[in-house]
Amino acid sequence: MGAKAKKALMKNLRKKAASSAQLSNEKSTADFLPLEGGSGRKLAEQKEVKKSNATVLYIGRIPHGFYEKEMQAYFSQFGTIKKLRIARNKKTGKSKHYGFIEFEDPEVAEVVADCMHNYLLFEHLLQVYLIPPEQVHPKLWKGFNYRYKPLDWVQIERKLQNKDRTLEEHKKLVEKIMKRDKKRQKRIEAAGLDYECPAVVGEIQPAAKRIRFDED
């Protein structure tokens, strides 16, 4: 073998050794190798997902009849409920169809938000969202366990009707009745009806002789 052939052979051997060393380094640093061979690939570093510490949920589009007792029984299957409140009208006590629930465990609250959002319940798609702790109003749970008693409007109207009026108040009441009666007569005439409305007596009665409604 000549000198040139020996040099070419040594050169080829060095190239093969360098390539094999490079391949071994890639294998050691690679997480996996492709099935068809080739250089290894490094998996992208996965970022740690921050766990939410929110425990309060907003629930919107609550259907009629799905109130505190029903919500307590239904959502308690996910975990322990600390507080539950449905927004209600202060005068009538009727539901405003949205409310709030606080769970003991943040993970349970997150599961409920994922599972129950857009859940079809009594032809209503529930809207469930997590509320960050910094956005929870400090007065959100004020009176949450208060059982609202609707106002007795019949009793309120009865008291207004039976109260003792002054002479001036009675005059204003009679004027209001007369004004309403004139408007009624105009509507009857405009309709072409032949009807004579009974006269309104505006006589003022003493307070002691006025007829009072039964207060029983």
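## A negative patch

Patches are made of residues with over 30% relative accessible area and no salt bridge, and like charges are joined within 9 Å. In this predicted model, one such patch on the surface is negative and gathers Glu104, Asp105, Glu107, Glu110 and Asp114.

Take Asp105 as one of its members. Asp105 sits in a loop, with strand S3 (95-103) on one side and helix H3 (106-116) on the other. Is Asp105 buried, partly exposed or exposed? Its relative accessible area is 33%, so Asp105 is partly exposed.

## Strands around S3

Strand S3 pairs with strand S1 (residues 56-60). The two run antiparallel, and 5 bridges join them. Look at Tyr58: its bridge partner in S3 is Phe100.

Strand S2 (residues 81-88) also runs antiparallel to S3. Here 6 bridges make the link. Lys83 stands opposite Glu102 of S3.

What do S2 and S3 form together? They form a hairpin, with 6 residues between the strands. Gly93 lies in the turn and has a positive phi of about 80°.

## A positive patch

Which residues form the positive surface patch? They are Lys179, Lys182, Lys183, Lys186 and Arg187.

Lys182 belongs to helix H5 (residues 167-190). The cut-off for exposed is over 50% relative accessible area. Lys182 has 53% relative accessibility, so Lys182 counts as exposed.

Key
Residues are numbered from 1 along each chain as its sequence is written. This is a predicted model: local features need pLDDT of at least 70, side-chain atom pairs count only at pLDDT 80 or more; totals for chains, interfaces and linings use all residues. Side-chain values use heavy atoms; hydrogens and water are left out. Patches are made of residues with over 30% relative accessible area and no salt bridge: like charges are joined within 9 Å, nonpolar side chains (Val, Leu, Ile, Met, Phe, Trp, Tyr) within 5 Å. Accessible areas come from the Shrake-Rupley method with a 1.4 Å probe; for residues, only the protein chains shown count as cover. A salt bridge is a side-chain nitrogen of Lys or Arg within 4 Å of a carboxyl oxygen of Asp or Glu. Lys and Arg count as positive and Asp and Glu as negative; His and the chain ends are not counted. The place of a charge is taken as NZ of Lys, CZ of Arg, CG of Asp or CD of Glu. Helices (H or I, at least four residues) and strands (E, at least two) are DSSP runs, numbered from the N terminus. Buried means under 20% relative accessible area, exposed over 50%, partly exposed in between (1.4 Å probe, protein chains only). Two strands pair if DSSP finds at least two bridges between them.
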